[in-house]
Amino acid sequence: MRGWVIGMVVLVVTASVATTAQKKSVKAELTFLTRDGCVNTPDMVNNLDDALKALGWSKDYQYIDIGKLPKTDARTGYPTPTVLYKGKDIFGMPVPSAPFPEPS
């Protein structure tokens with residue numbers, strides 16, 4: 001749980017805060033990776049949504065089940081849940097390289 005909070009703080013610190021009345025869309029920048037049965041997904045989604053709300057951003061991020069991605073997609077090698085901001089893991093984990101491990 002503490003790691004998630006730290007990750008959300010990293011997201012807040014590395015992102016610029018929108019000051020306009022409109023909520024900033026994050027669909028092109030933010031990706032939430034999960035898989036069926038991931039027990040940590042509900043808590044991570046709540047933390048991510050809270051962080052986005054605090055920034056005044058919309059919650060229109062991409063929500064991807066890595067089990068539905070092609071086996072050649074590097075995102076299948078990340079553990080779940082994982083949040084990518086501009087294609088990079090918010091905790092600093094490197095992009096997985098082939099062969100991609102089974103999801104954990």
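**Entry 1, the model.** I looked at a predicted model, in which local features need pLDDT of at least 70, side-chain atom pairs count only at pLDDT 80 or more, and totals for chains, interfaces and linings use all residues. Residues are numbered from 1 along each chain as its sequence is written, and side-chain values use heavy atoms, with hydrogens and water left out.

Of the 104 residues, 40% are buried (under 20% relative accessible area; exposed is over 50%, partly exposed in between, with a 1.4 Å probe and protein chains only). I found 2 helices and 4 strands, in the order α-β-α-β-β-β along the sequence. Helices (H or I, at least four residues) and strands (E, at least two) are DSSP runs, numbered from the N terminus. Among contacts (heavy atoms within 4.5 Å) with a separation of 6 or more, 71% join residues 24 or more positions apart.

I checked the span of α2, residues 41-55: its 15 residues reach 21 Å from first C-alpha to last, close to the 21 Å expected at 1.5 Å a residue. The expected span is 1.5 Å times one less than the number of residues. Its buried residues include Met44, Val45, Leu48, Leu52 and Leu55. Glycine 56 follows α2 and has a positive phi, near 80°.

I found glutamate 29 in the loop between α1 (2-14) and β1 (30-34). Glutamate 29 counts as buried because its relative accessibility is 19%. Leaving aside residues up to four places away in sequence, glutamate 29 touches Lys24, Leu84, Tyr85, Lys86 and Gly87.

Lysine 86 lies in the loop between β3 and β4 (88-89). Its relative accessible area is 56%, so lysine 86 is exposed. Its phi is near 55°, a positive value in a residue other than glycine.

I placed threonine 72 in the loop between β2 (62-65) and β3 (82-85). At 69% relative accessibility, threonine 72 counts as exposed. Its C-alpha is 7.8 Å from that of alanine 98, 26 residues apart in sequence. Proline 81 is in this loop too, and a cis peptide bond with omega about -5° joins threonine 80 to proline 81. Most peptide bonds are trans, and most residues other than glycine have a negative phi.
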